[in-house]
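Hi everyone, thanks for coming. Let's look at this one together, starting with its pockets and then moving on to a sheet and a helix.

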Amino acid sequence: MNLFSSIRWTYFTLFTIFYVFYNPTDSGAVQLTSSNLDMTLASNELVFINFYAEWCRFSNILQPIFDEAAEKVKEAFPDSGRVVMGKVDCDRETSVASRFHISKYPTLKVIRNGQPTKREYRGQRTADAFLEYVKKQLEDPIKEFHTLRDLETLDSKKRIIIGFFDRRDVPEYDIFRRVASNLKEDCQFHVGFGDSAAAMHPPGEPIVVFRPDVALSNENDETYKGSLKNYDELNVWAQQKCVPLVREITFENAEELTEEGLPFLILFHSPDDLDSIKDYKAVIDTQLLSEKQNVNFLTADGKKFAHPLHHLGKSQDDLPLIAIDSFRHMYLFPNFKDMYKPGKLKQFLEDLYSGKLHREFHYGPEITEQAPNEIPKVTTPPESTFKKLAPSKNRYTLLRDEL
């Protein structure tokens, strides 16, 4: 190889290295493709992606706003490796769109530490709102305690994971912090170092403990038994503990819950009624665990969700009560106290699956359950109210007819 060829090869090598490891925050909203996506995800703590289509009206409205937000984010977080605002043209990058299960345009997803978060961004679509969202996502998810007595005042209605470490600068704590970043919307994370945590673990052997929402469940504290040096192992364990079988539905998460496509079995309760929530969770855990792939088990504040109660012909004075929302109709569980009778709530679900609830709401009780010569009473079940909280055709281009 002559000198000219050697110089040319050196420049080519340097250019390749620069291209591969170039941090795309310098260019605002980065055009992500199948060739640069994985490198971008692996080298940044947070990647906020706009999945769009050129022909989509809503995508075109959002595009300049998202680009403006990218410039604001770049200014607020100039250090490499923190955050990237990216965009994916789903018509050109069909494999990327399929990988992230894109069902509507535009879809805004957050990838944290290389893993997609469960929740899409569904807030305001302004540059300032995007910036504030990114700031919140990059806040430290872990609160430090300084005495063990501090742990006695934690919110008993929250699921909590507590870490006890000798020092902050150990690899186990870095893994704990990454897991906390991924699950901060599902659990509260607390940590103690040095003397404040010394009584809880042997020197050089940090431990992590899960504390359930003791005011709402019958679970006990559980110590993590796996390796604190294995991110995947700790992350899976924490997900299992932090994401409950029974979730609370709110106006903030209702859209994502409806997108899962499963019927809702909902306990409507008074805001201060913790006992019915605790009992409902116990029944679900002991009798309906096998149904978790078929239905979403939810609780709802009956004061906030007064509108669905009204459609059921009920008010806050009738709480607590249980209902199914099938996204076609709502069906009322006849008597809340029957929840305590083994098999009653399971039969209610089976009547939904078989179509019996639908038939009886329209045509009255089945013949075998009627009094002799009684004419079936035709009724009309209340329409679903929660389906109205699904992704709106006035905000998205939907790619599936059922939405």
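The second largest pocket has a volume of about 930 Å³, where volume is the space filled by probe spheres set on grid points joined across faces, edges and corners. By pocket I mean, on a 1 Å grid over the protein atoms alone, an open set of points where a 1.4 Å probe fits, with protein on both sides within 12 Å along at least five of seven lines; lining residues have an atom within 4 Å of a point. Of the 36 residues lining this second pocket, Lys 118, Arg 119, Arg 247, Glu 256 and Glu 260 are the closest to its centre. Its lining comprises 10 nonpolar, 11 polar and 15 charged residues, with Asp, Glu, Lys and Arg counted as charged, Ala, Val, Leu, Ile, Met, Phe, Trp, Tyr, Cys and Pro as nonpolar, and the others, Gly among them, as polar.

A word on the source: this is a predicted model, so local features need pLDDT of at least 70 and side-chain atom pairs count only at pLDDT 80 or more, while totals for chains, interfaces and linings use all residues. Residues are numbered from 1 along each chain as its sequence is written, and side-chain values use heavy atoms, leaving out hydrogens and water.

Strands S13 (264-269) and S14 (296-301) run parallel, joined by 6 bridges, and Leu 265 has Phe 297 in S14 as its bridge partner.

Last, helix H5 (127-137). Its buried residues (under 20% relative accessible area, 1.4 Å probe, protein chains only) include Phe 130, Leu 131 and Val 134. Strand S2 (46-52) and helix H3 (57-76) are among the elements covering the buried residues of H5, with contact meaning heavy atoms within 4.5 Å.

Technical notes
Buried < 20%, exposed > 50% of the residue type's maximum accessible area, 1.4 Å probe, protein only. Helix = DSSP H or I, 4+ residues; strand = E, 2+ residues; numbered from the N terminus. Pairing = 2+ DSSP bridges.
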